[in-house]
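Here's a quick briefing on the structure below.

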Amino acid sequence: MELSSSFLLSPKPCSSPSSNYSFSSSLSPCPIQIFIRNSKSRNPTSQSFRIFAVAIEPTKEVSQNSPQRLLKELAERKKITSPKKGPPRRFILRPPLDDDKLAEKFLNSPQLSLKSFPLLSSCLPSTRLNNADKTWMEEYLLEAKQALGYSLEPSETLGDDNPAKQFDSLLYLAFQHPSCERTKARHVRSGHSRLFFLGHYVLELALAEFFLQRYPRESPGPMRERVFGLIGKRSLPRWIKAASLQNLIFPYDDIDKMVRKDKEGPIKSVFWALFGAIYLCFGMPEVYRVLFEVFGMDPDAEDCQPKLRRQLEDVDYVSAELETKLSWQDIVAYKPPADALFAHPRLFRACVPPGMHRFRGNIWDYDSRPQIMKLLGYPLEMTDRIPEITEARNIELGLGLQLCFMHPSKYKFEHPRFCFERLEYVGQKIQDLVMAERLLMKHLDAPGLWLQEKHRRVLMNKFCGRYLRAKHLHRFIIYNEKVQDSYERNRRRRNPASTAVQQAIHGLSYLVYGKRDVRRLMFEVFDVEQIQPKEV
């Protein structure tokens with residue numbers, strides 16, 4: 001305790017310079033020490049000075065556990081160390097599980113229960129569904145299955161060799177969008193996001209194949225606009241309401257009164273996850289049925305039509321089976337003949353029309369094509385009933401490879417519907433789906449958003465062209481003589497061109513040999529999962 005006071009010296013002449021000054025304090029019974037300090041004032045005649053009185057606490061022995069001493073230490077520590085905030089709870093790393101617990105967790109997980117369906121097994125919930133999950137299924141699942149046109153019997157009654165046995169669990173996960181209550185559970189949140197991740201690429205491939213066969217004379221630009229008109233996020237609330245599924249997504253809200261930004265996100269999430277579940281359990285034909293029969297999508301609707309474009313005269317032929325406009329029932333009911341040359345014969349003819357053989361027999365066909373087929377491992381060994389089928393397939397494969405390496409600058413004006421762009425379009429969609437399936441089976445415990453970012457980084461356009469250039473295949477691309485110099489010297493033009501060629505190769509392999517050959521090209525020939533060096 002400090003006490004300060006000012007005094008004026010008495011001007012009596014009789015007072016001696018060594019006068020004693022004293023004062024009494026009633027503030028504290030503690031002894032007081034007095035320090036007298038003469039202040040150096042500018043006025044030499046000033047007789048004022050200040051007296052500082054400091055009260056000193058008596059030294060008493062305080063017990064070691066007394067609260068006064070503990071409070072005093074706490075105050076001193078607060079002065080010395082500044083308070084630090086801990087990290088947020090979601091960033092705190094948990095200690096890793098030991099080997100036994102980790103093995104037990106994975107062995108008891110439903111994701112490892114189906115050996116015959118690895119992709120379906122990887123999309124199951126990471127842990128078994130609990131009572132809260134089963135309560136939702138008992139209340140809403142029958143309504144969802146009735147709206148989608150499925151049997152109301154529990155799917156668990158089906159045999160183990162039927163992938164539809166897991167449909168109830170996947171359908172439950174599909175409706176648990178990020179804004180609902182059950183998404184707080186980790187196995188529900190992760191399971192829904194993985195289905196959402198897969199369903200996006202399933203829809204893109206399904207509609208790409210549909211429009212390629214329905215409009216054989218159209219370029220991919222208008223087709224992308226048609227796809228966006230059908231499954232763009234602004235159109236999805238209309239389809240959900242047409243199927244009477246809005247009450248399962250928003251049980252407490254009226255979808256017509258909701259703000260557009262509040263309903264589009266959950267509806268898109270449920271819509272994509274729903275088709276991921278349908279694709280896993282029933283395959284691509286069921287995807288078409290639900291799209292066009294349950295949701296009532298009309299590809300001829302006015303709001304789904306592309307913008308008007310100036311179109312050059314189309315001089316190429318159209319295959320006889322594609323002359324009439326195909327419906328979704330025609331595409332679902334189509335089965336390739338037993339002696340078909342390709343895995344997808346009608347889709348191949350939609351991308352490579354008859355009459356393209358006039359491009360064969362040039363110098364490139366004799367010089368470059370054998371080198372490309374050797375690098376890509378073509379032709380594959382096939383067990384055909386007749387040797388002529390194998391020979392005809394190899395001829396068509398060689399023609400397709402030449403069309404894949406023929407840049408649009410070469411014959412675009414003479415052939416506006418040139419098949420390079422159509423092969424590139426289907427190749428882009430199939431490589432997206434194959435990569436998504438690969439990531440789902442490889443990372444069982446990864447959420448969908450992480451997989452989406454990984455997928456984007458692996459199949460980035462600049463990397464796809466780099467995979468092709470690493471095999472030195474870019475030097476076989478056929479450009480127009482006027483633009484060849486600019487494409488080979490300018491990387492801003494060269495990189496997109498090499499990316500398009502690689503996607504066209506994937507599209508051709510899918511049409512000729514099927515999805516298994518796309519996997520072989522992506523992960524064995526081009527090795528798209530290689531770690532890319534960082535740019536300096």
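Asp300 is partly exposed, because its relative accessible area is 39%, between the cut-offs for buried (under 20%) and exposed (over 50%), worked out with a 1.4 Å probe and protein chains only. Asp300 also pairs with Lys325 in a salt bridge, with the closest N and O atoms 3.9 Å apart; the term means a side-chain nitrogen of Lys or Arg within 4 Å of a carboxyl oxygen of Asp or Glu. This is a predicted model, where local features need pLDDT of at least 70 and side-chain atom pairs count only at pLDDT 80 or more, while totals for chains, interfaces and linings use all residues. Residues are numbered from 1 along each chain as its sequence is written, and side-chain values use heavy atoms, with hydrogens and water left out.

**Salt bridges**

- Side chains of opposite charge can pair when their charged atoms come close.
- A search of the whole structure turns up 27 salt bridges.
- In the Asp300–Lys325 salt bridge, both residues sit in the loop between helix 11 (284–294) and helix 12 (328–333), so the pair ties together parts that are 25 residues apart in sequence.
- Glu218 and Arg226 join side chains in another salt bridge, at 2.9 Å from N to O, and both of these residues are buried.
- Asp517 and Arg520 make a salt bridge too, with their closest N and O atoms 2.8 Å apart.
- Both Asp517 and Arg520 belong to helix 23 (residues 515–525), where they are three residues apart, about one turn of the helix.
- Asp517 counts as buried because its relative accessibility is 1%, and Arg520 is buried at 18%.

- Glu424 sits in helix 18 (residues 419–442).
- For charge, Lys and Arg count as positive and Asp and Glu as negative, with His and the chain ends not counted.
- Setting aside neighbours within four places in sequence, Glu424 is in contact (heavy atoms within 4.5 Å) with Ala500, Gln503 and Ala504.

**A buried serine**

- Ser269 belongs to helix 10 (residues 260–282).
- Ser269 is buried because its relative accessibility is 6%.
- Beyond its neighbours within four places in sequence, Ser269 touches His177, Pro178, His192 and Phe196.

**A negative surface patch**

- Asp98, Asp99, Asp100 and Glu104 form a negative surface patch.
- Patch members have over 30% relative accessible area and no salt bridge, and like charges are joined within 9 Å, with the place of a charge taken as CG of Asp or CD of Glu.
- One of the patch residues, Asp100, is in helix 2 (residues 99–107) and is exposed, with a relative accessible area of 62%.

**The chain overall**

- The chain has 23 helices and three strands, taken as DSSP runs (H or I, at least four residues, for helices; E, at least two, for strands) and numbered from the N terminus.
- Of the 536 residues in the chain, 46% are buried.
- Contacts between residues at least 6 apart in sequence join residues at least 24 apart in 73% of cases.
- The chain exposes about 31,500 Å², with carbon and sulfur atoms supplying 53% of it; accessible areas come from the Shrake-Rupley method with a 1.4 Å probe.

Note on methods:
Patch = residues over 30% accessible without salt bridge, like charges linked within 9 Å, V, L, I, M, F, W, Y side chains within 5 Å.
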